[in-house]
Amino acid sequence: MQLTIKQLEEKAAQIRIDIIKMLEHAGSGHTAGPLDLADIFTAMYFHILKHDPKNPDWQERDILVLSNGHTVPVRYVTMAHAAYFPKEELMTLRKLGSRLQGHPERKRLPGLESTSGPLGSGLSQAAGMAKALAIDGVGHRWVYCVTSDGEMDEGNYWEGVMFAAKYNLHNLIVIIDRNNIQIDGPTEHVMPLEDLRAKWEAFGWHVQEIDGHNMESIIDACSMARAVVERPSVIIAHTIPGKGVPFMEYDYHFHGMMHNADEAKKALKALRTLKGKIESEAY
Amino acid sequence: MMHLVTNIGDADIKMESNRKGFGRGLLAAAKQNDKIVGLCADLTESTQISVIAEEFPDRYVEVGVAEQNLATVGSGMAAMGKIPFIASYAAFCPGRDWEQIRTTICLNDQPVKIVGAHAGVSVGPDGATHQMLEDIALMRVLPNMVVVAPADSVEAEKATLAIAKNGKPSYIRLSRSDIPVFTTADTPFELGKAYVFNEGSDISIMATGTMTYHAMAAAKMLKKDGISAEVIHVPTIKPLDESTILTSAKKTGKVITIEEAQIAGGFGSAITELLAEKLPTQVFRMGIRDHFGESGKPEELLNKFGISSVHIVMQVHGMLGKTKA
């Protein structure tokens with residue numbers, strides 16, 4: 001049974017809470033990216049992707065490649081909510097022997113499509129997957145690739161962009177988490193990326209820009225991308241880093257900073273009370 | 001029985017580059033298994049990926065001059081069940097895309113086959129930029145990776161067929177110029193195995209890739225001097241055939257290693273690490289010593305860097321001087 005938009009939004013809110021709990025327990029890990037990707041991952045696992053949590057290697061599944069591996073907490077939490085594994089396992093993040101490595105490792109956890117962390121090489125892998133499906137004449141499976149904006153600094157990234165356009169990989173859909181931050185500061189200070197839309201269009205891609213926190217927009221944009229023939233598609237999803245936690249939002253210092261117990265408590269309170277708009281903390 | 005040709009060291013020996021053998025192996029493997037795809041970074045003819053481009057155009061992928069993309073697209077295709085052979089010059093792949101190979105191929109454990117053509121100083125006139133000497137060191141430190149350096153075109157063909165079937169990330173090292181063909185269809189080859197190409201008792205010459213022929217020619221010359229040199233051919237550098245190597249080292253008590261590569265971290269290092277831990281033995285490593293190559297003819301460069309049959313003979317005399325005199 002498909003969730004309604006409202007139910008998806010509630011799911012994303014719950015996922016944000018679990019991300020904070022999980023990171024606090026782990027004692028380290030990236031914060032801003034996972035929080036701002038919560039809506040996109042919720043839409044993916046609970047509406048967009050064709051997948052089977054009980055059979056992660058299902059031959060008919062859609063593929064979701066996470067290129068910016070440091071945001072994997074959002075994937076782990078969403079997968080747990082989708083019943084790939086028990087939620088209790090989330091508390092093993094970054095611990096010795098855990099399947100939930102600090103950066104995702106394909107061979108450790110069924111359902112991860114690739115190993116990532118070193119930036120800029122996910123899109124090329126996703127393009128390779130899409131090309132392999134094209135060679136086999138498989139037209140009903142989609143390859144999605146979530147990337148950050150900062151990793152567009154990498155040369156390998158644009159090699160993949162050119163490759164996908166050359167081979168008209170219409171079964172490839174890239175979603176950019178355009179949160180405008182990277183470790184050293186705002187992306188436009190570290191290495192300017194704009195005009196992003198013009199760049200992607202010049203490379204021959206179908207381009208959409210959306211509010212990456214609007215559930216309907218995410219779902220509609222992916223539907224639109226699947227309808228594009230002869231060209232790969234990119235969705236530039238404008239997001240707010242640290243989304244949902246007021247003192248983290250827009251602050252690049254939370255890109256990678258681990259938060260202390262007090263910060264975690266404040267963050268959870270903000271998430272549970274919808275930034276103070278409601279009184280209950282019993283979310 | 002090793003079934004080697006009988007005219008080793010003679011002027012009439014057949015010459016062929018081992019990339020030609022690779023091309024034959026690749027075509028045969030591609031005919032056997034339709035999962036095999038060929039990817040190239042703008043060197044299709046030279047690396048022999050052209051055999052796939054011509055015979056199976058749908059299974060040929062040109063990525064342009066982009067080796068990092070070569071490795072990562074290859075990884076993605078392997079994730080969807082393909083067996084990609086990704087080819088360039090070794091200086092660029094694995095030279096330029098090492099991290100992509102490490103993360104997306106080895107840590108991911110995808111069965112991508114990395115074809116490093118134009119390895120060694122025998123590349124010749126192109127000079128140092130194109131003479132890859134560090135590839136063995138770069139590849140053999142990676143978990144999951146299989147590293148193989150065939151001795152000639154016949155063995156390159158067998159090695160290609162073998163890595164097509166091994167289900168593992170694999171690196172095959174190829175040279176550019178025509179070199180003697182001294183193994184035959186009947187010469188044994190199995191991944192992970194080293195072979196006693198010449199039995200001897202005074203010293204062990206352990207060689208890999210193009211240098212095994214020089215070791216064999218040296219053994220022939222040494223025989224005339226009354227020295228019995230054992231030649232161990234080690235086409236698979238990772239995983240090492242420890243028992244064959246240790247047996248020979250124990251028998252002779254003296255080891256020379258030789259490779260057309262940096263000895264730092266390379267084949268000689270692999271042998272030395274094994275011996276240091278399990279059977280401390282006197283070893284001399286022949287190869288490139290902390291130096292880049294340069295332009296020249298292949299044989300001029302082998303002479304300049306001291307890696308030919310004559311240099312092996314001199315080294316053996318040096319090491320045995322005290323005991324044989």
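Buried means under 20% relative accessible area, exposed over 50%, and partly exposed in between, with a 1.4 Å probe and protein chains only. The model on display is predicted, so local features need pLDDT of at least 70 and side-chain atom pairs count only at pLDDT 80 or more, while totals for chains, interfaces and linings use all residues. Residues are numbered from 1 along each chain as its sequence is written, chains are lettered from A and ligands numbered from 1 in the order in which they are written, and side-chain values use heavy atoms, with hydrogens and water left out.

Select A:Asp149, which at 1% relative accessibility counts as buried. Helices (H or I, at least four residues) and strands (E, at least two) are DSSP runs, numbered from the N terminus.

From A:Glu194, step to A:Asp195: the peptide bond between them is cis, with omega near 10 degrees. A:Asp195 lies in the loop between α7 (187-190) and α8 (196-202) of chain A.

**Second stop: salt bridges in chain B**

Over all chains, the structure holds 20 salt bridges. In chain B, select B:Arg173 and B:Asp135, whose side chains meet in a salt bridge (2.8 Å, N to O). B:Arg173 lies in strand β7 (residues 170-173) of chain B and B:Asp135 in helix α6 (residues 135-140) of chain B, so the pair ties together parts that are 38 residues apart in sequence. Both B:Arg173 and B:Asp135 are buried.

Next, select B:Arg140 and B:Glu273, a salt bridge in which the closest N and O atoms are 2.7 Å apart. Here B:Arg140 belongs to helix α6 of chain B and B:Glu273 to helix α10 (residues 267-278) of chain B, 133 residues apart.

Display helix α5 (residues 122-135) of chain A together with helix α4 (residues 67-79) of chain B. Their axes come within 6 Å and cross at roughly 50 degrees; axes are lines fitted to C-alpha atoms, for helices over the stretch in contact, and angles run from 0 to 180 degrees between N-to-C directions. The two helices are therefore oblique to each other, since angles under 35 degrees count as roughly parallel, over 145 as roughly antiparallel, 65 to 115 as roughly perpendicular and the rest as oblique.

**Last stop: backbone details**

Select B:Pro94, in the loop between β4 (83-89) and α5 (98-107) of chain B. The peptide bond from B:Cys93 to B:Pro94 is cis, with omega near 20 degrees. Finish at B:Asp290, found in the loop between β14 (282-288) and α11 (298-304) of chain B. Its phi is near 55 degrees, a positive value in a residue other than glycine, and B:Asp290 is exposed, with a relative accessible area of 76%.

Terms used: A salt bridge is a side-chain nitrogen of Lys or Arg within 4 Å of a carboxyl oxygen of Asp or Glu.
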